[in-house]
Amino acid sequence: MAANYATCILDKAPAAQNDVAAHAIMQSCLAEHPGGIEAIPQGSGRGVLGFKSGAECTAKKAVDTRSNQAATLVAIACRRLYDEPNFFDKFD
């Protein structure tokens, strides 16, 4: 089982060949992690071994993804995990 919704998406969505499969992946990840993307702190994947940005993660993880919906899910997960929190997120 993946650590959170975003890692679940990054584990499963890049292999999606069509949007129907991407939607099923999203549903299964939400079933495993009911809080979805909102439950993940912005930038929580950043660290020495992680990607430097959401764009770098997306370029690596979605490069061969055939489904546009799956590629979008990957991009959202990457941005949540690897983009720095904005200024106002620090006060939540």
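**Briefing: helix packing, core and disulfides in a predicted model**

At 48% relative accessibility, glutamine 17 counts as partly exposed, a class that falls between buried (under 20% relative accessible area) and exposed (over 50%), as computed with a 1.4 Å probe on protein chains only. This is a predicted model, in which local features need pLDDT of at least 70 and side-chain atom pairs count only at pLDDT 80 or more, while totals for chains, interfaces and linings use all residues. Residues are numbered from 1 along each chain as its sequence is written, and side-chain values use heavy atoms, with hydrogens and water left out.

**Glutamine 17 and its surroundings**

- Glutamine 17 has its place in the loop between helix 1 and helix 2, where helices are DSSP runs (H or I, at least four residues) numbered from the N terminus.
- Not counting residues up to four places away in sequence, glutamine 17 touches Arg66 and Ser67, contact being taken as heavy atoms within 4.5 Å.
- Although glutamine 17 and serine 67 are 50 residues apart in sequence, their C-alpha atoms are 5.4 Å apart in space.

**The nonpolar core**

- The largest nonpolar core has 22 residues, and those with the most contacts inside it are Tyr5, Ile9 and Leu10; such a core is a set of buried Ala, Val, Leu, Ile, Met, Phe, Trp, Tyr and Cys residues joined through side-chain atoms within 4.5 Å.
- Two or more residues of this core are given by each of helix 1 (5–12), helix 2 (19–32) and helix 4, and the largest share, seven residues, comes from helix 4.
- In soluble globular proteins, nonpolar side chains tend to be buried together.
- Leaving aside its neighbours within four places in sequence, tyrosine 5 is in contact with Met26, Cys29, Leu30, His33, Gly36, Ile37, Ile40 and Leu73.
- Leucine 73, which lies in helix 4, is buried, with a relative accessible area of 11%.
- With residues up to four places away in sequence not counted, leucine 73 touches Tyr5, Ile9, Ala22 and Met26.
- Leucine 73 and methionine 26 are 47 residues apart in sequence, and the separation of their C-alpha atoms is 7.9 Å.

**Helix pairs**

- Helix 2 and helix 4 pack at an angle of about 35°, with their axes 7 Å apart; the axes are lines fitted to C-alpha atoms, for helices over the stretch in contact, and angles run from 0 to 180 degrees between N-to-C directions.
- In this pair, Asp19, Ala22, His23 and Met26 of helix 2 meet Asn68, Gln69, Ala70 and Leu73 of helix 4.
- The contact of helix 2 with helix 4 has four nonpolar, three polar and one charged residues, where Ala, Val, Leu, Ile, Met, Phe, Trp, Tyr, Cys and Pro count as nonpolar, Asp, Glu, Lys and Arg as charged, and the others, Gly among them, as polar.
- Helix 3 (residues 54–61) and helix 4 (residues 68–82) pack at an angle of about 145°, and their axes are 8 Å apart.
- The residues that make the contact are Gly54, Cys57, Thr58 and Lys61 of helix 3, together with Val74, Ala75, Cys78, Arg79 and Tyr82 of helix 4.
- Sorted by class, the contact of helix 3 with helix 4 has five nonpolar, two polar and two charged residues.

**Disulfides**

- The count comes to two disulfides, a disulfide being a pair of cysteine sulfur atoms within 2.5 Å.
- With bonded cysteines counted along the chain, the disulfides of the protein chain follow the pattern 1-2, 3-4.

**Alanine 3, before helix 1**

- Alanine 3 is found in the segment before helix 1 and is exposed, with a relative accessible area of 70%.
- The C-alpha atoms of alanine 3 and histidine 33 are separated by 8.7 Å, the two residues being 30 residues apart along the chain.
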